[in-house]
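Thanks for coming. I have one structure to go through today, and I will take it region by region. Please look at the sequence and the model first.

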Amino acid sequence: MTTPYAGKTALIIGGTHGIGLETARLLLTRGAKVLLTGRRAEPVTTAAHELSAAGFPSSSFTAIQSDITSLPAIRDLIPRVESSFGAGTSIDLLFVNAGYAVFEPTTAVTEEIFDRTFNTNTRGAFFVTQTLLPYIRPGGAIVFTTSVSIHGGFPGLSVYSASKAAVHSFAQTLAAELARYPDGKEGPGIRVNVVSPGYVDTPTMGTSRVTEEEIVEHKKYGAASTPMGRIAQPEEVARAVAFLGFEATFTSGEEVLVDGGSRLLKTMPA
Ligand SMILES: NC(=O)c1ccc[n+]([C@@H]2O[C@H](COP(=O)([O-])OP(=O)(O)OC[C@H]3O[C@@H](n4cnc5c(N)ncnc54)[C@H](OP(=O)(O)O)[C@@H]3O)[C@@H](O)[C@H]2O)c1
């Protein structure tokens, strides 16, 4: 097995299932060390068990509970980076993937839904990045997960789409600010990009407060409405994250869509 990322480190915010966990698996397979986080304790434990059962040595990954809606919890990530990767070791890839979405028509959105969506997807993504920036290696990379829904009108996703569109905007500004590092002095910068999935086959499909039956319907609808006629597997998004994180060394401020053609293509119903 080739391990092109041996000696590299990756911190995955929101890595306990779905796209984040598949990205952890891919990066570990390629030899990186991974620190992954999640909001709830139980999926953190399950993710660690799954990675151990897949044969990854416990020295290669750490899974911890950390809620990015809390600034003290975000600051507590700093010592965890050092204890996981070794004192003085920087982060090669920060993958900010945590997300929260509730399907509600605009007329039904409550203050609580609005606040939690923006506190997770936008405020959390911003402050986790700001806090960890000094620990990212010059020449390293940041990847945010946004969504194809930032590009159009998706009924029921007004708040979610806006919260992710803001992240897309942050990423472009940050890419410009960090293109040279630090502050325009000599040395490589930090590349900043986003990956925007369409429908992805994860346990939650990126949504909360839905029943199992609704998830099944959502998957069917996703496959029918995607030009390629199916939804994505999470590893297809993980490969795009690895590309942006480690391979795309002259790409910054960009978006990679992993959406089966949803943004640009229109197909006739079968
Ligand atoms: N699946 C899709 O169809 C799809 C489509 C477009 C975009 N996306 C985006 O892709 C990303 C991953 O989606 P997914 O389907 O893989 O989701 P997922 O399986 O629900 O995983 C989300 C991860 O984020 C964590 N998280 C949520 N709130 C958090 C918080 N406040 N602090 C720290 N971690 C938190 C979750 O932990 P807990 O479970 O403990 O909360 C989990 O580890 C999300 O940003 C989502 O918006 C998904």
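When I say two residues are in contact, I mean that they have heavy atoms within 4.5 Å of each other. One caution before the details: this is a predicted model.

I start with Leu 27. Setting aside neighbours within four places in sequence, Leu 27 is in contact with Tyr 5, Ala 10, Ile 12, Ala 32, Val 34, Leu 93, Ala 242 and Phe 246. Leu 27 belongs to the largest nonpolar core, which has 33 residues. Within that core, the members that touch the most other members are Leu 27, Val 34, Leu 36, Leu 93, Phe 95 and Val 195.

Which elements give two or more residues to this core? They are the strands β1 (9–13), β2 (33–38), β3 (61–65), β4 (91–96) and β5 (136–145), together with the helices α1, α2 (41–53) and α8 (234–247). Helix α8 gives the most, with 7 residues. There is also a second, separate core of 29 residues, and its members include Ile 13, Leu 35, Ala 98 and Leu 174.

Thr 9 is in strand β1. Is Thr 9 buried or exposed? Its relative accessibility is 3%, so Thr 9 counts as buried, the limit being under 20%. The side chain of Thr 9 reaches the backbone oxygen of Ser 90 at 2.7 Å. Beyond its neighbours within four places in sequence, Thr 9 has contacts with Lys 33, Phe 85, Thr 89, Ser 90, Ile 91, Asp 92, Leu 93 and Phe 246.

Ile 91, one of those contacts of Thr 9, sits in strand β4. Ile 91 is buried, because its relative accessible area is 0%. With neighbours within four places in sequence left out, the contacts of Ile 91 are Thr 9, Leu 11, Val 81, Phe 85, Tyr 135, Ile 136 and Arg 137. As for Leu 27, where I began, Ile 91 and Leu 27 are 64 residues apart in sequence and 13 Å apart in space, C-alpha to C-alpha.

Not counting residues up to four places away in sequence, Ala 141 touches Asp 92, Leu 93, Leu 94, Ile 136, Ile 190, Arg 191, Leu 244 and Gly 245. From Ala 141 to Asn 193 is 52 residues in sequence and 8.0 Å in space, C-alpha to C-alpha.

Now the ligand. There are 30 residues around the ligand, and Thr 16, His 17, Tyr 160, Thr 202 and Thr 204 come nearest. By class, this shell is made up of 8 nonpolar, 18 polar and 4 charged residues.

A polar side-chain atom of His 17 is 2.6 Å from a ligand oxygen. For Ile 19 the distance is 2.8 Å, and a polar backbone atom is involved. For Arg 39 the distance is 2.9 Å, from an N or O atom in the side chain. How much of the ligand does the protein bury? Taken alone, the ligand exposes 880 Å², and the protein buries 95% of that. The elements giving two or more residues to the shell are α1 (18–29) and α6 (158–178).

Glu 42 counts as exposed because its relative accessibility is 63%, and the cut-off for exposed is over 50%. Glu 42 is 26 residues from Thr 16 in sequence and 9.3 Å from Thr 16 in space, C-alpha to C-alpha. Thr 16 is among the residues that come nearest to the ligand.

Last, some backbone angles. Most residues other than glycine have a negative phi. Met 205 has a relative accessible area of 10%, so it is buried. Arg 209 is also placed in the loop between β6 and α7. Arg 209 is not a glycine either, and its phi is positive at about 60 degrees.

That is what I have; I will take questions now.

Notes: Residues numbered from 1 in each chain as written. Predicted model: local features only at pLDDT ≥ 70, side-chain atom pairs only at ≥ 80, totals over all residues. Heavy atoms only, no water. Near = heavy atom within 4 Å. Polar contact = N/O pair within 3.5 Å; in protein donor to acceptor, adjacent residues only side chain to side chain. Areas by Shrake-Rupley, 256 points an atom, 1.4 Å probe, with all protein chains shown as cover. Helix = DSSP H or I, 4+ residues; strand = E, 2+ residues; numbered from the N terminus. Nonpolar A, V, L, I, M, F, W, Y, C, P; charged D, E, K, R; others polar. Core = buried A, V, L, I, M, F, W, Y, C linked by side-chain atoms within 4.5 Å. Buried < 20%, exposed > 50% of the residue type's maximum accessible area, 1.4 Å probe, protein only.
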